[in-house]
Amino acid sequence: MDEVVAFTLKNRLDEANYKKLLNVNSPTLHKFVAKYVEHCNPDTVFVNDDSEESVEYVRKTAIEAGEEGGLAMDGHTYHFDNSGDQGRDKKNTRILVPKGVDLGPAIDTRDRDEGCEEAHQILKDIMKGRTLFISFFCLGPANSPFTIPCVQLTDSSYVIHNEFLLYRPGYQEFIRRAGGNALSEFFRFVHSQGEVDERKVSKNLDKRRIYIDLYHDTVYSTNTQYGGNSIGLKKLAMRLAILKASTEDWLTEHMLVLGIRGPRERMTYFTGAYPSMCGKTSTAMLEGESIVGDDIAYLRRGESEVRAANAERGMFGIIQGVNAKDDPLLWKALNSSGEIIFSNVMVTDAGGVHWIDKGVESPQKGLNYSGEWHIGKKDTAGKDIPPSHPNARFTLSLNSLGNADPRLDDPEGFEIGGMVYGGRDSDTCVPVEEAFDWIHGVIAKGACLESETTAATLGKEGIREINPMANLDFLSVPVGRYIQMNIDFGTGLKKAPLIFSVNYFLKDKEGRWLNERNDKKVWYEWMELRVHDDVNAIETPTGFIPLYDDLEILFRESLHKDYSEAEYNKQFTIRIPENLAKIERVKKFYETQVADTPAILFEVLEAQKKRLMDAKGKFGDYIPPFVLLK
Ligand code: OXD
Ligand code: MN
């Protein structure tokens, strides 16, 4: 080991922690740790070796430091963020790139030298008086082609506690990998919550920065606690993984992975990309099916098929709207003892938790992110403060769910039969539709995904935005190149997955929802049948839609629901003017926001436009499905 590094580490770490660090044979790691121990200047350093004592120490510290509070149910804790720190901060999240690198207008970048300098200025001595926690994790299952080793440095035990639930432990993986040839490739995260106020929430939000030093596999996150900004392995690692995937010929996607049961015990796995707060978690939690992941998937090519693994092993899910009737599995988990961290919910006097649309009456008062809360409490602008934040969350490990797939950690991943894209779209796309082929799917379903903004990010809600593959917020390669990567990925594969779109948010002209929340189970079961060519479909200008008779059976058998032809006709009417308008919006996005759009994208859109215009000429603006039955 370099002498200066050894000197720093020996001086700063006590013997036990020094030994734990040295067990990993990686001069790169030692140098990195020494640099940030010196720079952030914590009073003590704790190295997590994934032993039960270490894990318990972190849990205990989270409570003692006031980052979390205990609840009545065994294993449950809560955490609050500053009211201005309750969503991903897109404005202050930047990808740092060297001069000459241009990721295009749709991706926010900053000059690397300037960004690094600013991050390091903010980080200087930021951990004085605190403990620095060092913890190792794996993205993807351990010991597999999917594995990416990661190290998290943070002064927040809450961040590490979340990561315990969300990621596979990595200390042994680091030791194993470092074995003979010193390990130098891993993702690095440096986080500090910064100064906190008397409620233990980050207070210097003007110095909140999330800077991704892309070509150095390092992320700096400062003066924030909200998980989407602070949990390094989640959306911060995703930018690094997207670049890594692009150079190694695989994909990192904002996708759930889910097994759907078909006839005769058949299990078919799907990936599903949805923007935040658009039904991804509730889809992954469909009753009777098998969850592999609800947020981030790594996709690799097998010999003839696509294989997917969950980068994570837990859930940082949105709690608003979770209720006993619609989410029985989640409800059970959230109401059972076991390790769960609730963030930005309301804590009741009895030590329970409450949230918006829980389906039970709200208590009159409690504790929430605004302090002591009571019904009718107003913010400084005179607006009612809700009992919980719309982006309030829960963190739990998938293993605590009854529906977790038994092969969750399989190093080989899962063969994928179908890939699904869904957005928050009130007026254009039908509830479920299959693309004509791989390229049509990548472009017309993935690259054209459009959705209304939600509370998962700071800023105005309800604005319609193009969001390629639901992944735009996390892209670290130019959008056009990313679309091309997706096209290339499945091209030539013998068993390329079918591609579908879903839309859970369709409304009629009067603004009424056209579907119920659990209808998505039927859409997935129909897709499962399509993957195996078990049912026919109707060809429309935008893709293949289900036949009424097949849906009627699925609704009856799966949801015990009568499904009328009138409902079907409303839901599956092809809306020509809306589809044409969408094509224009998508074209404009790719013409103005993307510098390197592949020509094939415009060709696919033109062909779709032509089909829509032809159908309009023959059948008018709104075409009910039976008209297209051949
Ligand atoms: C998330 C998000 O937290 O996408 O998963 O915001
Ligand atoms: Mn997400």
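In the charge count used here, Lys and Arg are positive and Asp and Glu are negative, while His and the chain ends are left out. Keep that in mind as you open this predicted model.

**Stop 1: the whole protein**

Colour the side chains by charge to begin. The protein carries 77 positive and 96 negative side chains, and the centres of these two sets lie 2 Å apart.

For 630 residues, a compact globule would have a radius of gyration near 25 Å, and the protein agrees with that, at 25 Å.

Show the cartoon next. You will find 19 helices and 33 strands to step through. If you draw contacts between residues with a separation of 6 or more, 74% of them join residues 24 or more positions apart.

Then put on a surface. The accessible area of the protein comes to about 24,400 Å², with 49% of this belonging to carbon and sulfur atoms. Of the 630 residues, 62% count as buried.

**Stop 2: the manganese ion**

Select ligand 2, the manganese ion, and display its donors. Which residues coordinate this ion? They are Lys235 through NZ, His254 through NE2 and Asp295 through OD, at 2.2 Å. Read along the sequence, the donor residues follow the spacing K-x18-H-x40-D. Lys235 sits in helix α9 (residues 232-248), whereas Asp295 belongs to the loop between β15 (290-293) and β16 (297-301), so this pair ties together parts that are 60 residues apart in sequence.

Are Lys235 and Asp295 buried or exposed? Lys235 is buried, with a relative accessible area of 6%. Asp295 is buried too, at 6%. The cut-off for this label is a relative accessible area under 20%.

**Stop 3: Arg264**

Next, move to the loop between β13 (255-261) and β14 (267-273), and pick out Arg264 there. Check the backbone: Arg264 has a positive phi of about 50 degrees although it is not a glycine. With the surface back on, Arg264 counts as exposed, at 74% relative accessibility.

**Stop 4: Met277**

Carry on to the loop between β14 and α10 (280-284), where Met277 is found. What is the phi of Met277? It is near 70 degrees, a positive value in a residue other than glycine. Is Met277 buried or exposed? At 19% relative accessibility, Met277 counts as buried, since the label applies under 20%.

Conventions:
Residues are numbered from 1 along each chain as its sequence is written. Chains are lettered from A and ligands numbered from 1 in the order in which they are written. This is a predicted model: local features need pLDDT of at least 70, side-chain atom pairs count only at pLDDT 80 or more; totals for chains, interfaces and linings use all residues. Side-chain values use heavy atoms; hydrogens and water are left out. Donors are N, O and S atoms within 2.8 Å of the metal (3.2 Å for Na, K and Ca); water is not among the atoms, so sites may look incomplete. Helices (H or I, at least four residues) and strands (E, at least two) are DSSP runs, numbered from the N terminus. Buried means under 20% relative accessible area, exposed over 50%, partly exposed in between (1.4 Å probe, protein chains only). The radius of gyration is taken over C-alpha atoms; the globule rule is 2.2 Å times the number of residues to the power 0.38. Contact means heavy atoms within 4.5 Å. Accessible areas come from the Shrake-Rupley method with a 1.4 Å probe; for residues, only the protein chains shown count as cover. The place of a charge is taken as NZ of Lys, CZ of Arg, CG of Asp or CD of Glu.
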